[in-house]
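Trainee: I am new to this structure. Please take me through how to read it, one feature at a time.

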Amino acid sequence: MKKAPSGSGYRVVGFISVAALIVSLGAFWTFRQIQHAADARQQTYIVLTTANKLLLEVQISEPERAYVLLQDPHFLSNYIAARENIRRLLKSLRVVTKNNNDPANLNAVTALIEIKKAKMKQIIDFLQNNQTLPAILEIESEQNQQLMSRIHFEMQAFMQYQEELVIRRDAKFQAEMRLLFIFIVVGSVFAFVIAVVFVYFVYQQSQHRIKNLVFLKTQELLASQERSNQQLQKMIAVAEKANLAKSEFLSSMSHELRTPLSAILGFAQLIDSGTPEPSAAQKRSLDQILQSGWYLLDLINEILDLALIESGRLSVSCEPMALNDVLQECRMMVEPKALERDIILSFPPAYVSYTVHADRTRLKQVIINLLTNAIKYNVIGGKVIVDCKECAPGYIHISIKDTGEGLSPEQTAQLFQPFNRLGQEIKATEGTGIGLVLSKRLIELMEGTIGADSMVGEGSVFWVELKSTEAALPVFAPNDTVKKIVTPVDANMKKRTLLYVEDNPANLMLIEDLVARRLDLRLISARDGIQGIEMARTEQPDIILMDINLPGITGVKALQILQDDPLTMHIPVIAVSANAMPRDIEKGLKAGFFRYLTKPIMVNSFMDTIDLALKVAETRATNSPVEKAW
């Protein structure tokens, strides 16, 4: 038997890592360009506003005729005030136009205003010495009239130049925004294609190697009966080692795939919820990016679940539960999808009550998958009928019937095969081709059965049979599915400090932009674990966000050092990592992280976790050695 090259998988991982770095750096560069363009555009608006104020003050500073004729000191005081405002506005224009390429008009205006001020001083001196006739002659002189005309002309030329500059900078800003959208769309498509190919490669290679390994060891065992126990133990050890290697490889794959997804979904959510709101065309593009990104994340999660089942590492916790409660929870989750396609949902009435023995979370996962398929592959305006009844003694039969196109006998026989979508891949309907496979494995783990009956033109019926039970039911708290909205914070509130330890520029930029929306937070950052520890000791932040894979020491090691130090042991530390395998999350929580957030992050969940950590930090701070020392 030929073994697959040991480095082939790692070469693929390396390729994806390089691609992820390119996507992240590209997004980082484009965002900075947009920021520069927006700043330049805003600066030009400030120049125009200041120039208009200057022109108004110049007009106000012309009280000569009224002052000479009426001898009213009020006009003189207006001139003195306007003269000071003109000086201040000219200075402001010098500052805000220092980066412009054409200050010639502003120089001319400054020189003319200085001449005008000198003439006005001369006129005032005449009047104060009771020389009214020379003052009138100076006011009526053609030179004085031409001077004001030249000031107006130069100011108008200066403002026209600034207006043209606004148009150019606005065009540059729009071009940078279009470039960002193109970059994100291309990155999304690229990441999706690479992910599908890579996931399929990993799945096929791991299954092939394990099966061949077990087969060879079994043959060796039969050929030597006297050493069967020893050989069996070796076979189990080798199989466990292979499963462990596969799990580690899948964990690495999950991390590498989530890294570009974190940038794509993070910045897409940021733009979608930003100010100003995206245009209608941009909103459509954002919706497509987010839909494809979350779909890719679902694909990764399903592949990992399936791999865990195949390796025997996914366990279920079965207990008695009210079937009708589970069905109603599933109904609430799929009703929006049904409304989009005008699908009528029919569920058993509340008084029809059965109790089954199953894992609540995994049963909901299976039912939601079957309901989603029944809606997705149905006709517009169709029906989905859910029914429950007793079948064989001690078993409950759950059926989900749709009014779709139905399947031929050949297609029905190919159901529950991985990556087989029965020809649906050529249509626009989304799907991964592994949802039914995963559902079958989960139902079998719960000691149940799953199947399907279908006929072309009459729709399909997918059914599940589970053990019934009469045991007492546990009490579950209601599921909170309300989407929380991040609201502005009072600007007068005390700022809390958040330290983010992260070496990826794109991830750091995403958190910077998110925290910028919170007026009660101040973000500081460190690029490695050692620097993060030192900043935690000196800055005493309220909470810490910690990446796991850091240069130098890992985030877990940095956490242990912080927990052992009396100066920092009270600070809640939240893990933010692309290591999203269940064992990674379990390991992180056991190590002492306050919460473990996986990338790509969901904005609302992230903000909720920050709020909870701030409350805990406030309570801990009152009992910390640092607080007591003060």
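This is a predicted model: local features need pLDDT of at least 70, side-chain atom pairs count only at pLDDT 80 or more; totals for chains, interfaces and linings use all residues.

Trainee: How many helices and strands are in the chain?

Mentor: Helices (H or I, at least four residues) and strands (E, at least two) are DSSP runs, numbered from the N terminus. The chain has 18 helices and 12 strands.

Trainee: In what order do the strands of the open sheet with mixed pairing stand?

Mentor: Strands of a sheet pair through backbone hydrogen bonds, either parallel or antiparallel. Two strands are counted as paired if DSSP finds at least two bridges between them. In this sheet, 5 strands follow the order 2-4-5-7-6. Strand 2 (344-346) and strand 6 (449-455) are at the edges with a single partner strand each, so one side of each has no neighbour in the sheet. The twist from one strand to the next averages 15°; for such angles, axes are lines fitted to C-alpha atoms, for helices over the stretch in contact, and the angles run from 0 to 180 degrees between N-to-C directions. Strand 6 and strand 7 (residues 459-467) are antiparallel and share 7 bridges, with I450 opposite V464 in strand 7.

Trainee: Which strands does helix 12 lie across?

Mentor: Contact means heavy atoms within 4.5 Å. Helix 12 (residues 435-445) lies across strand 6 and strand 7, at about 140° to strand 6. In the loop between helix 12 and strand 6 sits E447, which has a positive phi of about 60° although it is not a glycine.

Trainee: Is S399 buried or exposed?

Mentor: Buried means under 20% relative accessible area, exposed over 50%, and partly exposed in between (1.4 Å probe, protein chains only). S399, in strand 5, has 14% relative accessibility and therefore counts as buried. Leaving out residues up to four places away in sequence, S399 touches I385, V386, D387, V461, F462 and W463. E447, by contrast, is exposed at 52%.

Trainee: How many residues of helix 13 are buried?

Mentor: An α-helix has 3.6 residues a turn, so residues three or four places apart point the same way. Helix 13 (residues 505-515) is mostly covered, with 8 of its 11 residues buried; among them are L510, I511, L514 and V515. At the start of helix 13, a side-chain oxygen of N504 comes to within 2.9 Å of the backbone nitrogen of A506.

Trainee: Which residues does a cis peptide bond join?

Mentor: The cis bond joins K599 and P600, with omega about 0°. P600 is in the loop between strand 12 and helix 17 (603-621).

Key: Residues are numbered from 1 along each chain as its sequence is written. Side-chain values use heavy atoms; hydrogens and water are left out. A polar contact is a pair of N or O atoms within 3.5 Å; within protein, one must be able to donate a hydrogen and the other to accept it, and residues adjacent in sequence count only if both atoms are side-chain atoms.
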